[in-house]
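Below is a short briefing on one chain. Look over the sequence and the structure before reading on.

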Amino acid sequence: MFNMFKSKNKKKRIVAPIGGIVHELRKGKDPVFADGLMGPGCFIIPNDEGKIYAPCNGIVSSVFPTKHAYSFESDDGVEIIIHIGINTVNLNGELFENYVKNDQIIKKGDLIVSFDLDEIQKRNFATDIFIVFPNQTEKEMKIQLGNINIGDTLIDFEK
């Protein structure tokens, strides 16, 4: 009887993998992301710490060989791509320290990757962190814009 008071539509939620300032994706400097070609989402201009933490419980779907991009599938079935910087693929993994592998189960808050934020900036690479959702629509997502801390709610899904 008491089960009828429980919500059947548990809201899907993704937390911030890094602290900084959250912006609308379309305002990003990388046209592939800004034009939504990888899916809807946002980007974060990071604070002074170069560490990315798991934004959800789930599994690592893919670790890009140059350690600058990762994809995940949450336990709720949400596909997430996190891309560190613009043109950082050209660093060939230098300045990145990876802590996960393909098919690894992760828990929200696990350390995924660390990177030398200062050195990446010194080498004239933008350090915007793009977070996109290839299998979602903008209408399904409520993004928390502005200042955010690691672990704060970044995105709530309407469905």
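The notes that follow take up strands, single residues, salt bridges and a surface patch.

The model is predicted. Three strands form an open antiparallel sheet in the order β1-β14-β12. Elsewhere, strand β5 pairs with β6 and also with β9. The count of salt bridges comes to 5.

**The open sheet**

- The strand order is β1-β14-β12, and the pairing is antiparallel.
- The edges are β1 (13–15) and β12 (141–143), each of which pairs on one side only.
- From one strand to the next, the twist averages 15°.
- Strand β14 covers residues 153–157 and is joined to β1 by 3 bridges.
- Within that antiparallel pair, I14 has I155 of β14 as its bridge partner.

**Strand β5 and its partners**

- Strand β5 spans residues 58–63 and runs antiparallel to β6, with 5 bridges between them.
- β5 and β6 form a hairpin with 5 residues between the strands.
- In this hairpin, K67 takes a positive phi near 65°.
- Strand β9 (residues 105–106) also runs antiparallel to β5, and 2 bridges join the two.
- Here I59 stands opposite I105 of β9.

**S71 in strand β6**

- S71 sits in β6, which covers residues 69–74.
- Is S71 buried or exposed? Its relative accessibility is 12%, and buried means under 20%, so S71 counts as buried.
- Leaving out residues up to four places away in sequence, S71 touches I59, V60, S61, S62, I80 and I81.

**K51 in strand β4**

- K51 belongs to β4, residues 51–53.
- At 31% relative accessibility, K51 counts as partly exposed.
- K51 touches P17, I18, L111, V113, S114 and F115, with residues up to four places away in sequence not counted.
- K51 and I150 are 99 residues apart along the chain, yet their C-alpha atoms are separated by 9.6 Å.
- K51 also forms a salt bridge with E49, and the closest N and O atoms are 3.9 Å apart.
- Which side of the cut-off does that distance fall on? A salt bridge needs a side-chain nitrogen within 4 Å of a carboxyl oxygen, so the 3.9 Å of E49 and K51 qualifies.
- E49 counts as partly exposed, at 28% relative accessibility.

**Other salt bridges**

- Side chains of opposite charge can pair when their charged atoms come close.
- E24 and R26 meet through their side chains in a salt bridge of 2.6 Å, N to O.
- E24 is partly exposed at 28% relative accessibility, whereas R26 is exposed at 59%.
- A salt bridge of 2.9 Å, N to O, links the side chains of E94 and R123.
- Which parts does this pair tie together? E94 lies in the loop between β7 (79–84) and β8 (96–98), and R123 lies in the loop between α2 (117–122) and β11 (129–132), so the pair ties together parts that are 29 residues apart in sequence.
- E94 counts as partly exposed at 42% relative accessibility, and R123 counts as partly exposed at 33%.
- Salt bridges with shared partners join E94, E119 and R123 into one network.

**A nonpolar surface patch**

- V32, L37 and M38 form a nonpolar patch on the surface.
- Together these residues have about 260 Å² of accessible area.
- Where is M38 found? M38 is in the loop between α1 (31–34) and β3 (41–46).
- M38 counts as partly exposed, at 33% relative accessibility.

Definitions and conventions. Residues are numbered from 1 along each chain as its sequence is written. This is a predicted model: local features need pLDDT of at least 70, side-chain atom pairs count only at pLDDT 80 or more; totals for chains, interfaces and linings use all residues. Side-chain values use heavy atoms; hydrogens and water are left out. Helices (H or I, at least four residues) and strands (E, at least two) are DSSP runs, numbered from the N terminus. Buried means under 20% relative accessible area, exposed over 50%, partly exposed in between (1.4 Å probe, protein chains only). Contact means heavy atoms within 4.5 Å. Patches are made of residues with over 30% relative accessible area and no salt bridge: like charges are joined within 9 Å, nonpolar side chains (Val, Leu, Ile, Met, Phe, Trp, Tyr) within 5 Å. Accessible areas come from the Shrake-Rupley method with a 1.4 Å probe; for residues, only the protein chains shown count as cover. Two strands pair if DSSP finds at least two bridges between them. Axes are lines fitted to C-alpha atoms, for helices over the stretch in contact, and angles run from 0 to 180 degrees between N-to-C directions.
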